[in-house]
Amino acid sequence: MIKRGDQLGESYRRQITGVLVRGFAEDFAFFSTDPEQLTAAFEHMLLMQRFVVALVDGEPAAIASVTSGDQECFAPRLSEFRRHPGFRHGTISYLVVRSQFLGAPDEARDGLAEIAFVATAPAYQGRGVGTALMEHLVALPGYDEFVLRDIKDTNAPALGLYRKFGFTEYRRRPVRFARRAGFNHYLSLRLGKV
């Protein structure tokens, strides 16, 4: 079953955030390496109506955000960030989230949807849940094009899944300090509806 986060309700917020945090643990390591602390710090900011959730036996198994135009999928609050990792680190984390995770793509327009933060919970990886979620997303009515921005060039499973659906690369952005980062480029992909 696939539903929007707001259709599932607030009781699912923490579980949905947990899937996000574990799916992007490497990327979120700056904030904390403790998934419970990250979940507590991040759960307030999810705009539940922007997240689509694949459920297996009632548990969130895979998630993705879908936005269009100037919509955001996060609404971070400084007070919440300061509460969880502490005043100093929370303030820095809040500023990083605002600078890195907010903002519409340059090509934003009506009819174009950005799919982001696609993640599958570790227990459900390799079971087709991500594929089912992507099938649902690319079939959403009202969109004639979909984009995925800033996927690491080393993320072969994600790139393979997206290419299976016909997504093609339209932009490649080099990474500063690539050797330390462990990858060379961020790739952005697009899919036009036929």
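Contact, in this talk, means heavy atoms within 4.5 Å. Hi everyone, and thanks for coming. What we have here is a predicted model, where local features need pLDDT of at least 70, side-chain atom pairs count only at pLDDT 80 or more, and totals for chains, interfaces and linings use all residues. Residues are numbered from 1 along each chain as its sequence is written, and side-chain values use heavy atoms, with hydrogens and water left out.

Let's start with Tyr162. Setting aside residues up to four places away in sequence, Tyr162 touches Val118, Met134, Leu148, Ile151, Phe167 and Leu189. Tyr162 is also one of the residues with the most contacts inside the largest nonpolar core, along with Phe74 and Phe167. That core has 59 residues. By nonpolar core I mean a set of buried Ala, Val, Leu, Ile, Met, Phe, Trp, Tyr and Cys residues joined through side-chain atoms within 4.5 Å; buried is under 20% relative accessible area, exposed over 50%, and partly exposed in between, with a 1.4 Å probe and protein chains only.

Helices here are DSSP runs of H or I with at least four residues, strands are runs of E with at least two, and both are numbered from the N terminus. Helix 6 (residues 129–138) and helix 7 (residues 156–164) cross at roughly 40°, their axes coming within 11 Å. Axes are lines fitted to C-alpha atoms, for helices over the stretch in contact, and angles run from 0 to 180 degrees between N-to-C directions. That makes helix 6 oblique to helix 7; under 35 degrees would be roughly parallel, over 145 roughly antiparallel, 65 to 115 roughly perpendicular, and the rest is oblique. Gly130, Thr131 and Met134 of helix 6 make the contact with Leu161, Tyr162 and Lys164 of helix 7.

Now for the other pair. Helix 2 (residues 13–23) packs on helix 3 (residues 35–42) at about 125°, with axes 9 Å apart, and the two are therefore oblique as well. From helix 2, Arg14, Thr17, Gly18, Val21 and Arg22 meet Pro35, Glu36, Leu38, Thr39, Ala40 and Phe42 of helix 3.

Which residues of helix 2 are buried? They are Arg13, Ile16, Thr17, Gly18, Val19, Leu20 and Val21. Their cover includes helix 1 (5–8), helix 3, strand 2 (51–56), strand 3 (59–68) and strand 4 (112–120).

One last stop: Ser93, in helix 5 (residues 87–101). Ser93 counts as buried because its relative accessibility is 1%. Beyond its neighbours within four places in sequence, Ser93 contacts Phe30, Phe31 and Phe81. Thanks, all!
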